[in-house]
Amino acid sequence: MIGLERIQRWWTQHILHRYRIPLTVWQRLLQLSPLLAQLDKKERHRLRGLASLFLHRKEIVGADGFEPDETMCALIAAEASLLILNLGLDWYDGWSEIIVYPGAFIVPNRTRDDAGVVHEANRGLSGEAWGHGPVILSWADIDPSTRRQRHKGSNVVLHEFAHKLDFLDGVANGIPLLHQGNTQQQWAEDFTRAYADLGQHNHHQSANIDPYASTNPAEFFAVMTELFFEDPMRLQKHYPALYDELQRFYRQDPANRLA
């Protein structure tokens with residue numbers, strides 16, 4: 001076992017030596033993304049390494065004529081890796097591809113009304129995550145130059161990769177694989193209470209939380225993950241128990257970073 005661990009460490013260092021995100025690109029990311037800039041020096045160093053390994057394991061490809069450049073790929077990798085900074089890259093096992101469109105991509109949507117009539121229409125998405133398949137993203141919704149124009153606290157990369165964590169146990173239901181420090185009963189109680197409050201009392205209006213969180217428990221978990229990292233003090237103020245659950249799950253305390 002010790003020998004295997006040594007080989008794994010050697011291989012990781014070998015990959016980082018050859019494929020580490022260039023320092024000039026990394027410094028550019030810190031300027032582009034306040035989310036990354038708020039990390040301390042040690043966290044930034046670890047995140048750069050983790051994002052570099054992410055890029056080595058995953059393939060980021062463009063679609064619809066779009067070709068993401070080195071900085072774009074590094075930004076996606078860094079923000080995706082932020083979720084697993086204290087969990088490890090194994091949490092993203094089982095799939096290999098990220099597809100990036102220049103803007104919203106169109107998918108068919110089928111719904112059935114109360115009378116049983118099926119309606120078909122197309123809808124534009126900014127992101128989508130498949131259980132064992134790719135993550136699909138819209139660069140227009142990632143681009144730091146336009147991010148401030150969107151709903152405060154929103155981040156499509158965090159959202160879709162939160163779905164990937166939720167999918168890890170085989171079903172997206174707002175309850176990811178929990179580890180020591182989280183119990184499924186307490187998690188369910190805290191999330192159910194906040195989810196009901198958000199949906200029944202329109203709390204999203206006073207708390208300025210994206211109403212899309214009320215769609216279903218899986219979307220609630222993804223939106224709360226966005227808020228946890230992007231605007232942690234707002235989440236902590238309105239749903240402190242929920243913040244504590246996410247803090248234990250991600251093993252991070254974004255509010256303390258800002259404080």
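These legends describe close-up views of a predicted model of one protein chain. Residues are numbered from 1 along the chain as its sequence is written. In this predicted model, local features need pLDDT of at least 70 and side-chain atom pairs count only at pLDDT 80 or more, while totals for chains, interfaces and linings use all residues; side-chain values use heavy atoms, with hydrogens and water left out.

**View 1. The chain and its predicted confidence.** The protein chain has 13 helices and six strands; helices (H or I, at least four residues) and strands (E, at least two) are DSSP runs, numbered from the N terminus. Of its 259 residues, 46% count as buried, where buried means under 20% relative accessible area, exposed over 50%, and partly exposed in between (1.4 Å probe, protein chains only). A contact means heavy atoms within 4.5 Å; among contacts between residues at least 6 apart in sequence, 66% join residues at least 24 apart. The average pLDDT (the predictor's confidence in each residue, from 0 to 100) is 86, and 86% of the residues score at least 70. Where pLDDT is low, the predicted coordinates should not be read in detail.

View 2. Four strands form an open sheet in the order β1-β2-β6-β5, with mixed pairing. Its edge strands, β1 (59-62) and β5 (127-129), each pair on one side only. From one strand to the next, the twist averages 15 degrees. Two strands pair if DSSP finds at least two bridges between them; β1 and β2 pair in the parallel sense over four bridges. The bridge partner of G62 is V100, in β2. Helix α7 lies across β2, β5 and β6 (135-138), and runs at about 170 degrees to β6. Axes here are lines fitted to C-alpha atoms, for helices over the stretch in contact, and angles run from 0 to 180 degrees between N-to-C directions.

View 3. Six salt bridges are found in a search of the whole structure, a salt bridge being a side-chain nitrogen of Lys or Arg within 4 Å of a carboxyl oxygen of Asp or Glu. Side chains of opposite charge can pair when their charged atoms come close. In the salt bridge shown here, the side chains of R57 and D93 meet at 3.6 Å, N to O. R57 lies in helix α4 (residues 41-57) and D93 in the loop between α5 (70-83) and β2 (97-101), so the pair ties together parts that are 36 residues apart in sequence. R57 is partly exposed, at 46% relative accessibility, and D93 is also partly exposed, at 40%. A network of salt bridges links R57, D90 and D93.

View 4. R193 and D190 meet through their side chains in a salt bridge of 3.2 Å, N to O. The two residues are three apart in helix α8 (residues 184-200), and so are separated by about one helical turn. D190 is buried, with a relative accessible area of 7%.

**View 5. Helix α12 and its buried face.** In α12, L242, Y243, E245, L246, F249 and Y250 are buried. Seen down the helix axis, these buried residues fall within an arc of 160 degrees, so they line one face of α12; the arc is that of the directions from the helix axis to the C-beta atoms. They pack against α5, α7 (156-167), α8, α10 (217-230), α11 (232-238) and α13 (254-258). E245, at 0% relative accessibility, forms a salt bridge with R248, the closest N and O atoms being 3.2 Å apart. R248 is partly exposed, at 34%. E245 and R248 are three residues apart in α12 (residues 240-250), and so are separated by about one helical turn.

View 6. R251 follows α12 and lies in the loop between α12 and α13. Its phi is near 55 degrees, a positive value in a residue other than glycine, and R251 is partly exposed at 41% relative accessibility. D64 is placed in the loop between β1 and α5. The phi of D64 is near 60 degrees, again positive in a residue other than glycine. D64 is exposed, with a relative accessible area of 65%.
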